[in-house]
Amino acid sequence: MSLSYETIRNLSDAHPKVPYIQYQYGTAGFRTLGTVLDGVLFRVGVLAALRSKRLNGQTIGIMVTASHNPEQDNGVKLVDPRGEMLEAAWEAHATMLANAETTDDFIEALNYLINLTKVDLSKPARIVYARDTRPSGESLIAALEDGLKAMEAETRNAGVTSTPILHYLVRASNTRGTNESYGDDSEQGYHEKLSAAFKKLVAGRPPIEPLLVDCANGVGGPVARTLSQYLDNSLTMIFENTFTNSPGMLNYQCGADYVKTMQRLPPSLVGRLKPGQRGCSLDGDADRLIYFYLDERGHFHMLDGDKIAALVASFIVELVKLAGLEHKIRVGVVQTAYANGASTRYLVQRLPVKCVPTGVKHLHHAAEHYDIGIYFEANGHGTVLFSRSTMEKLQKYEPSTPAQSTALNRLLDLIQLINQTVGDALSDMLLVEVVLAHKAYSATEWNSLYTDLPNRLVKVTVPNRNAFRTEDAERRLVSPYGLQGRIDELVKRYEGGRSFVRPSGTEDVVRVYAEAALKSQADELAFRVAGVVYDESGGDPMKRPKEFV
């Protein structure tokens, strides 16, 4: 098979690049205003087909979503054959194709890429794609389909669904009929797999109190409702913020990012969540999860990704030990510099902890080096990875006592419950509920595992974020020269002080994170470091924000 350049040219002309915009494929793929993505979606379709051909016809996934971003934004990312993120080298290829200014430039870049990556054009291209509920999604899917049509790809439209389900479908499609089968490659297969494992894990436990679920007015609402039907009476969910057809409502004053950033209940849940009741928030594409509750005085308490990691890690370590496998299976946790210092101290007393640069791809890759790798970003995105050898070890292991047998079966059921392809808010929610049921923990008892250090995150607008370079998993600045020393001097003034500075990956800002023993001190440290950063970046003293003391 050879490419039909006439077809590619005609369809490319129908989806031109927007002038004067430079696109960048990052951790979240391409993400910006939905109105300027038409040409990008066409080219992503072409790229995905090339990626599939390069991998001998394995299925590649495409998800059209902007996750927790406002509704006017949209984006697209590619999913590799095992449900993992796109190989890093191909991120640059995606960026190159997206920024070709004209159709001629695009075809030239396409030919360059085919030769560079040694794509065999005779191989088939197989693609599964989906989108979230954003109004711009439908037209962007049409542009994507033109890109796939230009490459004569075999396609499957998974419709409107969650990002984690799309990742699941990719892996299930590529492992179908093998001894590594991940499940039936359908949305029904996803629900059946998770619900069956959950029901096994909570069998014999006291009934679980109803859980309030904030669906962020996104695709998590309909997916969660479907999942609840498969769960029968094993978990009752009370759904809130489920308006998927109301303009402007997606992620608006609700969802996981709102709760994490504002550290308070979404306004729509005030009066809906009872003191002591568990609540959780998904994000717009259902791959992030934040828990919360009100105490008896009505005070809000957040249980973020760090708290989820602590709860899940301690449970898995306990099961491995009860199964008699603590010397054969190495469990570890991966965090970023944004993890609360108190969570790190709690975890290092129980298992190995590694800190990596911000970004899911760094966390996922590091977690793969453990037999059981657990990673959760503080923002609520995370999962648990079981290595291939560990899964084989568990399946072949012969326990010597009933207690070991019970622990082993629970580990095997957890493998089925956890979506190992990507962070999955609904899979993680079921995992949390399993651990709470087994520990007989209330939300208050879970929260008391450790007490978060007060912290503050501040953004500083700078002319050139690339002037700020880091090392030690982004915890220390290499440049501008001398700035890290000034930050160190500030940190010394505060009890329990910790602060780091890192450039944003998506906008010309530098993010300043600070912790201290008291909230007022954390705020003060963050603003003082922000002031130093502002001055170093050449900010106008007359325009210095007043809070940057």
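**Domains, pairs and loops in a predicted model**

Reader: Where is Pro480 found?
Author: In this predicted model, Pro480 sits in the loop between β17 (476-479) and α17 (483-491).

Reader: What is the peptide bond from Ser479 to Pro480, cis or trans?
Author: The bond from Ser479 to Pro480 is cis, with omega near 5°.

Reader: What makes Glu91 and Lys361 a salt bridge?
Author: The closest N and O atoms of Glu91 and Lys361 are 3.2 Å apart. The cut-off for a side-chain nitrogen of Lys and a carboxyl oxygen of Glu is 4 Å, so the pair qualifies. It is one of 25 salt bridges in the structure.

Reader: Why is the aromatic pair of Tyr168 and Tyr190 called edge-to-face?
Author: The ring centres of Tyr168 and Tyr190 are 5.6 Å apart and the planes make 75°.

Reader: What does the pair of Tyr168 and Tyr190 tie together?
Author: Tyr168 lies in helix α6 (residues 163-175) and Tyr190 in helix α7 (residues 187-202), so parts 22 residues apart in sequence are tied together.

Reader: Which domains does the domain assignment give?
Author: The assignment lists domain 1 (5-160), domain 2 (189-303), domain 3 (309-427) and domain 4 (455-537). The C-alpha centres of domain 1 and domain 2 are 32 Å apart. Their contact takes 9 residues from domain 1 and 16 residues from domain 2.

Reader: How much area do domain 1 and domain 2 bury between them?
Author: About 950 Å² is buried between the two, 53% of it on carbon and sulfur atoms. His68, Glu71 and Thr133 supply 59% of what domain 1 buries against domain 2, more than any other three residues.

Reader: How many salt bridges does the rule find across the interface of domain 1 and domain 2?
Author: The rule finds 0 salt bridges there. Across that interface 9 residue pairs are in polar contact. The side of domain 1 that touches domain 2 has 1 nonpolar, 5 polar and 3 charged residues.

Notes. Residues numbered from 1 in each chain as written. Predicted model: local features only at pLDDT ≥ 70, side-chain atom pairs only at ≥ 80, totals over all residues. Heavy atoms only, no water. Domains from an automatic or database assignment. Contact = heavy atoms within 4.5 Å. Buried area = accessible area lost by both parts, 1.4 Å probe. Polar contact = N/O pair within 3.5 Å; in protein donor to acceptor, adjacent residues only side chain to side chain. Nonpolar A, V, L, I, M, F, W, Y, C, P; charged D, E, K, R; others polar. Phe/Tyr/Trp six-rings, centres within 6.5 Å; stacked < 30°, edge-to-face > 60°. Helix = DSSP H or I, 4+ residues; strand = E, 2+ residues; numbered from the N terminus.
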